[in-house]
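Have a look at it first, then read on.

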Amino acid sequence: MIVTGGSRGLGLVLVQRLADAGYRAVAIARKETNPLLSAIDDAAGAIEFVPFDLGDIAGIPALVQRLRKSFGPIHGLVNNAAVQFHGALALMPSAQIEQLVRLNTLSPIVLTKYVVRAMMADGGGRIVNVASIIGTTGYSGLAAYGATKASMIGFTRSLAREVGPMGVTVNAVAPGFMATDMTDALGDDQRRQIERRSALRRLPTIEDVAETVLFLLGDAATSITGTVVTVDAGNTA
Amino acid sequence: MTTAHDTSLRTRIVEEFARVAREHGKTLAPLTDDLALLDSGLDSLCLAIIVARLEDRLGVDPFSAADDADFPVTLADFVRLYEDAA
Ligand SMILES: NC(=O)c1ccc[n+]([C@@H]2O[C@H](COP(=O)([O-])OP(=O)(O)OC[C@H]3O[C@@H](n4cnc5c(N)ncnc54)[C@H](OP(=O)(O)O)[C@@H]3O)[C@@H](O)[C@H]2O)c1
């Protein structure tokens, strides 16, 4: 199981849950973190770390080749790594817009291209794309980010149709705001406001979202493809 | 120019076409050099699987190396791409 952005936040929890569930999980990120290193120690070989900058689009084919050589057939891919820049679009540097699209849209599409054909050659596989409720609902200051997250949903639906006949399922998970490094910038007031507006009066936890991804990767989800599972404590209900 | 090495490359490619056709229950047209790939009886997903398998077996993928490669039209074009990449 490959998890991009597996060094922190949602990706890290997911890698740990995968290892607990008996899978071998490979975390990809630019640099390892102390929590990831201790997870690797605890997991006795079930978690591996492969350093890679996913913004390096040209390097992706060689990355996939290396992953397959080192770890064998790839059963699942979770496109989780992403960046978020918050701010008025009218003032956002174009370089930041470009980086958002490169890392959140272009990179997962190209990575999936190389992984999915190997999955098809091996007879099947699972792909989960981490989108966001911001892909379908609005949030001031996240227009460019929202565009990239919506792109993952469109990607999920069409690819599911394309590779379904070859035994590969493709789904998306759309989390609401969770407390991670990515949402550090949210002030307490904003967080409380989001909680107040959610049916369950709280934020979803990273663990809630990780469990949903795990479900989509597992045997119980064989008949689920091309769909988006929202995990937002009822924020968009 | 056809060397022994080239011939075996062609053979391996043709083997892979046959294997993928078998696995996916497709009827393969006779594999002549000027056969258009789209008339081979395999669809584009099967061709993608062939490219992935050949990458495993030969260690090259001429389609990711080439900047702007159009997918080759005939079997001979396809084989030539691999010969050039080898
Ligand atoms: N947090 C939220 O509230 C929220 C809500 C909805 C959706 N999401 C989505 O959930 C996913 C995970 O978010 P998160 O909050 O867990 O993020 P996070 O805590 O910011 O972690 C991001 C991960 O991506 C990796 N990454 C970033 N840039 C990279 C690059 N160039 N190359 C390789 N890896 C890179 C990071 O590692 P390095 O920095 O070491 O590379 C890190 O492991 C994202 O897709 C996000 O859009 C999050």
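A salt bridge, as used here, is a side-chain nitrogen of Lys or Arg within 4 Å of a carboxyl oxygen of Asp or Glu. Keep in mind that this is a predicted model, where local features need pLDDT of at least 70 and side-chain atom pairs count only at pLDDT 80 or more, while totals for chains, interfaces and linings use all residues. Residues are numbered from 1 along each chain as its sequence is written, chains are lettered from A and ligands numbered from 1 in the order in which they are written, and side-chain values use heavy atoms, with hydrogens and water left out.

Searching the whole structure turns up 18 salt bridges over all chains.

| Pair | Distance |
|---|---|
| Arg117(A) and Asp61(B) | 2.6 Å |
| Arg19(B) and Glu16(B) | 3.3 Å |
| Glu16(B) and Arg53(B) | 3.5 Å |

Let's start inside chain B. Arg19(B) and Glu16(B) sit three residues apart in helix H1 (residues 4–23), so about one helical turn separates them. (Helices are DSSP runs of H or I with at least four residues, strands are runs of E with at least two, and both are numbered from the N terminus.) Glu16(B) is buried, with a relative accessible area of 0%, whereas Arg19(B) is partly exposed at 29%. Buried means under 20%, exposed over 50%, and partly exposed in between, using a 1.4 Å probe and protein chains only.

Glu16(B) also pairs with Arg53(B) in a salt bridge. That pair links distant parts of the chain, from helix H1 to helix H2 of chain B, 37 residues apart. Arg53(B) is buried too, like Glu16(B). Shared partners join Glu15(B), Glu16(B), Arg19(B), Glu23(B), Arg53(B) and Arg57(B) into one salt-bridge network.

Now for the place where the chains meet. Chain B brings 13 residues to the contact and chain A brings ten, contact meaning heavy atoms within 4.5 Å. Between them, about 1100 Å² is buried, 55% of it from carbon and sulfur atoms. That buried area is the accessible area (1.4 Å probe) that two parts lose on being put together, summed over both. On the chain B side, Leu45(B), Ile49(B) and Glu55(B) lose the most area, together 42% of what that side buries.

How many salt bridges run between chain B and chain A? The count is three. One of them joins Arg117(A) to Asp61(B), and both of these residues are buried.
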